[in-house]
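Dear colleague,

Please find the structure below, handed over for your records.

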Amino acid sequence: MSSAVPSVPASSPVRDLLALTRRPEVISFAGGLPAPDLIDVPGLRAAFAAVLAGDTGEGRLQYSTSEGDPDLRRALTAVEARRGIECEPDDLLVTTGSQQALGLVAHALLTPGVPVLVEEPSYLAALQVLRLHGAEPVGVDCDEGGIDPEALDRAAAKSGAEVLYLIPNFQNPTGRTLDAERRVAVAEIVRRRGLWLIEDDPYGQLRFRGAPQPPLVTLPGMRDRTIAVSSLSKIVAPGLRIGWLYAPEELRARLVVIKQATDLHTSTVDQAAAAHWLGTADLDAHLARLRAAYAERHDALLAGLPDVLPPGATHNDPAGGMFCWVRLPDGSDAGALLRRALDRNVAYVPGAAFFAGPPDPATLRLAYSAETPVRIAAGLERLADAFSGAA
Ligand SMILES: Cc1ncc(COP(=O)(O)O)c(C=O)c1O
């Protein structure tokens, strides 16, 4: 007798592409990776040494609670306060990267067949999580100011969705930020329609221009209906796999049980090292260094980009984060052009995979975070060569 294995959605095309771009000769605008040279390796090495020093096997190498290390949760309340979210350690659940937070929330809130409202386009691995739980992502129109509140209201009415997933700062993949007026309008729609909001913000601390916008969870009436998700991946190191979520009490209690059933708890030693690092590093100085470097890399990309793109192409100019969004002229296929780019040892991510609905094949995402300005300039020359004469 043969037993059937339940099917899962195909592997992410972006993950598959990233494997190709690991070759040193490739200049990669593909992955949303933090710059390796900006990770505080000595500080993290010291943090791991400190938390293991003198451990008898009863501490940082033992099982721990599902909610997360109390020292880490205390340190994360300070990180939350920086972005205007006042909370207590008990309000937070530590997760194995913010990706796990998305999975836990999907498990708690979604049933097969339900629609979930998302920005169009949106973070590919969030679409993957939603689909894995059988939900149907419904793309809502966006422009440079973020999600369009009128389109959101219409889509909420039409779909009957009860959940909205948003990345309000320097969105993945577009680099767009939801503007201040629209935050108020979106919050009003969320309240009026009784939606849950999943507010995913791994990039907000990486603003290098302009004033920070308030998280939606801090707007009136939003605390009871928002799950605010964030991560150390983009500001400390993704290999730590430390994310967290704020959720209202009743939902958080359910999420703790789901977390328990998923992986018992996030690595004890990684949590302790992250708490140690946050307690000893100068986070202000560290973030200032990241912002300055990303501003420089953004500027290097934007300085050369207009000359590289074919006539009729457009691109945006994000004020922070890691990504720039490009639309090639009508009729272009960024997926097909990628082959020409890879032949020239330069990579980007075609935009099509990020769409919940019909994809726009002319779009692509350029990440400027992981390459130096010198390599960005060289990468642009290769891109120009890939794009020229390819019509
Ligand atoms: C919008 C968004 N959310 C969540 C994640 C997952 O990050 P992590 O699991 O490393 O915290 C990413 C990673 O790129 C992201 O771009």
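**An aromatic pair and its surroundings**

Tryptophan 325 and phenylalanine 354 are both buried, where buried means under 20% relative accessible area, exposed over 50% and partly exposed in between, with a 1.4 Å probe and protein chains only. Please note that this is a predicted model, in which local features need pLDDT of at least 70 and side-chain atom pairs count only at pLDDT 80 or more, while totals for chains, interfaces and linings use all residues. Residues are numbered from 1 along each chain as its sequence is written, and side-chain values use heavy atoms, with hydrogens and water left out.

A search of the whole structure finds five aromatic pairs. Rings of Phe, Tyr and Trp (its six-membered ring) pair if their centres lie within 6.5 Å; planes under 30 degrees apart count as stacked, over 60 as edge-to-face and the rest as tilted. One of the pairs joins tryptophan 325 to phenylalanine 354 in an edge-to-face arrangement, with 6.4 Å centre to centre and 80° between the planes. This pair links distant parts of the chain, 29 residues apart: tryptophan 325 belongs to strand β12 (residues 323–327), and phenylalanine 354 to the loop between β14 (349–350) and β15 (363–367). Helices (H or I, at least four residues) and strands (E, at least two) are DSSP runs, numbered from the N terminus. Together with Phe355, Trp325 and Phe354 form one aromatic cluster.

**The ligand**

Of the 14 residues around the ligand, the nearest are Ser98, Asp200, Tyr203, Ser231 and Ser233; a residue counts as near if one of its heavy atoms lies within 4 Å. The shell divides into five nonpolar, six polar and three charged residues. Its greatest contribution, three residues, comes from helix α4 (residues 97–109).

For glutamine 99, a backbone N or O atom lies 2.9 Å from a ligand oxygen atom. The protein covers 92% of the 390 Å² of accessible area that the ligand has on its own, by the Shrake-Rupley method with a 1.4 Å probe.

**Alanine 106**

Helix α4 also holds alanine 106, which counts as buried because its relative accessibility is 3%. Leaving aside neighbours within four places in sequence, alanine 106 is in contact (heavy atoms within 4.5 Å) with Val129 and His133. The C-alpha atoms of alanine 106 and histidine 133 are separated by 6.8 Å, although the two residues stand 27 residues apart along the chain.

Key. Polar contact = N/O pair within 3.5 Å; in protein donor to acceptor, adjacent residues only side chain to side chain. Nonpolar A, V, L, I, M, F, W, Y, C, P; charged D, E, K, R; others polar.
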